[in-house]
Amino acid sequence: MSKRLDSKRILITGAATGIGRATVRAFVAEGAQVVIGDMKVQEGQALADELGPSVSFLQFDAAQESSIRNLVSDAAARLGGLDVLVQNAGVQYSGKVEVFDVEKWDHLMTINVRAYFLGAKYAIPHLRASGGGSIINMASAAGKRGSPGMSAYAASKGAVVLFTSALARELAADKIRVNAVCPGWVDTPFNAPAIANLGGLEAQERLIKTLVPMGRQAVPEEIAPMFVYLASDESTFMTAQAVVIDGGVTN
Ligand SMILES: NC(=O)c1ccc[n+]([C@@H]2O[C@H](COP(=O)([O-])OP(=O)(O)OC[C@H]3O[C@@H](n4cnc5c(N)ncnc54)[C@H](O)[C@@H]3O)[C@@H](O)[C@H]2O)c1
């Protein structure tokens, strides 16, 4: 029986843990060949070992242009080409602007924005050589609506949303679709800085109960299916979108 991602060759970054890890599992269940790029060697290699020959792991550092360029070319060589690029690696810092370190601002922009530009830049020739493809950028509901103490992170994810929109129009004629996914609160350790900024776990729970109509966070497995859809040929008329999955907060 055919699967939704049979014959898809996918590079996904930042997938050693969290939402990316759940997404790799979903990709493999649908028949894809996957290369994971991450800086966390132990977790990334363990995931590849667990999932078998259709998954391999490559270490890379999203802060370094040469590392991104090598990741893309090594992944395309391993997979025999590239159909899908998922840019998911990200970092988060929180804090009020008046006391926010410029080094943290620069690091957020380097990992969350600059690396996505570079990943796309080096992947586009491979996607074009495949006759088209799909770029999926991890943004955030925070990139659509700002909240206090999250200015830098919101700015980085807002940049991803508009980068996605512009690039989609640039690449439409090449049959390369570009979309972004914008989750709200998802239960991963990633949110530790935001939780600290709010005043701890109980404060976060109170906020979520009042802010989120569904009254809870997502689990990574509730975000992964959107990546499967955007990677698959079910979404061939979908481009330039930033899809929000946030339990009803936005709108
Ligand atoms: N958890 C949430 O509530 C939430 C909500 C919206 C968007 N997101 C976004 O989802 C993505 C994944 O987050 P997550 O919650 O799964 O957290 P996570 O910490 O599990 O995943 C982030 C991954 O990025 C990798 N990474 C960080 N810096 C890197 C670097 N310099 N080079 C290579 N890899 C690097 C980490 O090793 C990690 O595997 C992020 O882009 C995040 O902004 C998360």
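Colleague: How are residues numbered, and which pLDDT limits apply?

Modeller: Residues count from 1 along each chain as its sequence is written, and side-chain values use heavy atoms, without hydrogens and water. In this predicted model, local features need pLDDT of at least 70 and side-chain atom pairs pLDDT 80 or more, whereas totals for chains, interfaces and linings use all residues.

Colleague: How many helices and strands are in the chain?

Modeller: Helices (H or I, at least four residues) and strands (E, at least two) are DSSP runs, numbered from the N terminus. The chain has eight helices and seven strands. Its radius of gyration is 17 Å, close to the 18 Å of the globule rule for 251 residues, so the chain is as compact as a globular protein of that length. That radius is taken over C-alpha atoms, and the rule is 2.2 Å times the number of residues to the power 0.38.

Colleague: Which residues come nearest to the ligand?

Modeller: A residue is near a molecule if one of its heavy atoms lies within 4 Å of it. Of the 29 residues around the ligand, Thr17, Ile19, Asp38, Tyr153 and Thr188 come nearest.

Colleague: Which polar atoms of the protein lie by the ligand's oxygen and nitrogen atoms?

Modeller: A polar contact is a pair of N or O atoms within 3.5 Å; within protein, one must be able to donate a hydrogen and the other to accept it, and residues adjacent in sequence count only if both atoms are side-chain atoms. An N or O atom in the Thr17 side chain is 2.6 Å from a ligand oxygen. A polar backbone atom of Ala62 is 2.9 Å from a ligand nitrogen.
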